[in-house]
Amino acid sequence: MSDPAQPERLSRAALERRVKRWLLRAPFDCYIQVTPGLEELLVDELLAEGLAPHRAALNVSHGGVELRLDHADILRANLSLRTASRVLLRLGTFPAASPEMLYDRARQVPWETQIGFLERYALAITARNSKLQAGDAVANTVASAIARELRPLGLYPRSADAAELTFHVRLQDDRCTVSLDTSGQLLHRRGVRTNVHTAPVRETLAAAMALEGLARTGGTPDVVIDPFCGSGTLLIEAVDALTHSAPGRQREFAFEHAAWFRPGTLREVRRRSEAGVKPLRTRVIGVDNDDDALAAARANVAGAAYAEVTLQHADSTLFDFSSLVARRGLALANLPYGVRLGDRRQAAATTNAFLANLAASGAPWVVVLLVADPEPALKWLEDARVTPTRNGGLPVTMVSGNLVAA
């Protein structure tokens with residue numbers, strides 16, 4: 001016999017009806033996170049991908065862009081954006097100056113359309129300038145609100161440290177914003193670079209460098225070279241950008257566990273993405289004088305998508321760049337940063353020697369560099385752009401420009 005005190009569990013058909021009604025509310029408020037400094041490159045991507053009709057539809061803030069997306073475009077943003085770190089689906093924003101206010105308003109979030117029949121979920125709490133502070137008290141209040149709404153439906157998910165879905169609860173100025181992290185692992189985790197050498201550049205930042213360089217060359221360089229290629233991240237991101245290959249094509253996403261997820265929609269998004277892939281018509285070359293770095297790069301570009309990448313063992317301060325016969329070359333480099341004073345002097349000397357050698361080739365080069373100190377590079381560049389940003393928490397600067405011939 002069933003327990004009369006135990007609510008009958010929501011049927012799959014009933015959940016589906018609720019999800020359909022929720023999906024009809026689209027488009028939804030979303031927030032796409034990006035490494036600070038790269039906001040405008042993300043804006044360019046959103047417009048190029050057709051994820052926003054025009055610039056005025058985007059609200060750009062420090063570290064992210066707000067916009068409205070439907071179900072399919074949330075999936076497409078995760079799959080196709082190269083510079084984005086995470087795609088958050090906003091589920092509710094409301095006053096929360098007390099635990100009671102937080103509890104009452106959190107109950108109004110459509111939890112069943114997100115969690116569905118999952119047995120657990122995770123909460124990520126942050127607070128700034130609010131009476132309520134991040135911690136167990138807020139987490140317990142939100143978890144109690146979720147339980148209060150789902151228990152009558154016969155659903156009993158529990159809060160856990162790790163789960164298929166994570167909800168971000170952000171308290172600022174006594175207001176709360178609840179968002180679903182639709183990405184899961186940060187989007188720089190492409191699933192391609194499996195071998196890492198020392199001081200790697202994060203994939204999203206490497207993609208930003210590639211996009212910056214391609215924009216400066218009109219998207220048609222005949223040669224792309226990374227003269228300090230390390231484990232090959234810049235080469236991989238350059239090839240993906242040149243061929244229009246989706247950066248997220250080899251990974252999974254948190255949204256695949258949401259109750260509103262439609263596998264058929266993701267299949268169609270992937271199909272359209274794959275239909276847009278173009279053949280590689282640019283020579284892509286990686287150079288490094290470290291055998292271990294080249295071994296890592298070879299392992300990372302071993303897949304069919306990167307079969308045309310060429311790797312060479314050489315010192316780029318001495319390499320004969322004129323042998324490439326570049327008509328419109330693009331050089332992408334994550335140069336040594338130099339953390340200590342002596343290292344900084346050596347890093348500056350390496351930057352100067354490399355750019356002097358590249359300029360001596362006499363070819364027209366667009367250069368995009370990641371450096372700690374932009375000054376040694378700027379004397380070699382025309383129409384330079386300096387973009388302060390971060391690489392894995394370390395402050396760095398992206399410098400781009402047209403190389404001045406020696």
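The legends below describe close-up views of a predicted model.

**Figure 1. Overall view of the predicted protein model.** The protein contains 12 helices and 15 strands. Its C-alpha trace spans about 85 × 45 × 40 Å along the principal axes. Of the 406 residues in the protein, 53% are buried. Taking contacts between residues at least 6 apart in sequence, 79% join residues that are at least 24 apart.

**Figure 2. The eight-stranded open sheet.** The strand order is S2-S3-S1-S4-S8-S7-S5-S6, and the pairing is mixed. Strand S2 (59-61) and strand S6 (158-159) form the edges, each pairing on one side only. Within the sheet, strand S5 (residues 120-128) pairs with strand S7 (residues 166-172) in the parallel sense, over seven bridges. One of the positions to look for is Leu123, whose bridge partner in S7 is Phe167.

**Figure 3. Helix H4 on strands S4 and S8.** Helix H4 comprises residues 99-106 and lies across strand S4 (84-95) and strand S8 (175-181). The helix runs at about 110° to S4. In the eight-stranded sheet, S4 and S8 follow one another in the strand order.

Figure 4. Is Ser80 buried or exposed? The relative accessibility of Ser80 is 9%, so this serine counts as buried, the limit for a buried residue being under 20%.

**Figure 5. The seven-stranded open sheet.** Its strands are arranged in the order S11-S10-S9-S12-S13-S15-S14, with mixed pairing. The edges are S11 and strand S14 (381-391), and each of these pairs on one side only. On average, neighbouring strands of this sheet are turned by 15° against each other, direction ignored. Strand S9 (residues 223-226) is joined to strand S12 (residues 329-334) by three bridges in the parallel sense. Val223 has Gly329 in S12 as its bridge partner.

**Figure 6. The crossover from S10 to S11.** Strand S10 (residues 283-288) and strand S11 (residues 310-313) run parallel and are joined by four bridges. Val287 stands opposite Gln312 in S11. H10 lies across both S10 and S11, and runs at about 170° to S11.

**Figure 7. The two sides of helix H10.** Which residues of H10 are buried? They are Ala293, Leu294, Ala296, Ala297 and Asn300. These residues cover an arc of only 160° around the axis, so they lie on the same side of H10. The elements that the buried residues pack against are helix H8 (233-243), S10 and S11. Asp291 and Asp292, on the other side of H10, are exposed.

**Figure 8. The N-terminal end of helix H10.** Which residue caps this end of H10? The cap is provided by Asp290, with a side-chain oxygen 2.8 Å from the backbone nitrogen of Asp292. Asp292 is also one of the exposed residues of H10.

Conventions: Residues are numbered from 1 along each chain as its sequence is written. This is a predicted model: local features need pLDDT of at least 70, side-chain atom pairs count only at pLDDT 80 or more; totals for chains, interfaces and linings use all residues. Side-chain values use heavy atoms; hydrogens and water are left out. Two strands pair if DSSP finds at least two bridges between them. A crossover is right-handed if, with the strands pointing away from the viewer, the path from the first strand over the helix to the second runs clockwise. Axes are lines fitted to C-alpha atoms, for helices over the stretch in contact, and angles run from 0 to 180 degrees between N-to-C directions. Contact means heavy atoms within 4.5 Å. Buried means under 20% relative accessible area, exposed over 50%, partly exposed in between (1.4 Å probe, protein chains only). The arc is that of the directions from the helix axis to the C-beta atoms. A polar contact is a pair of N or O atoms within 3.5 Å; within protein, one must be able to donate a hydrogen and the other to accept it, and residues adjacent in sequence count only if both atoms are side-chain atoms.
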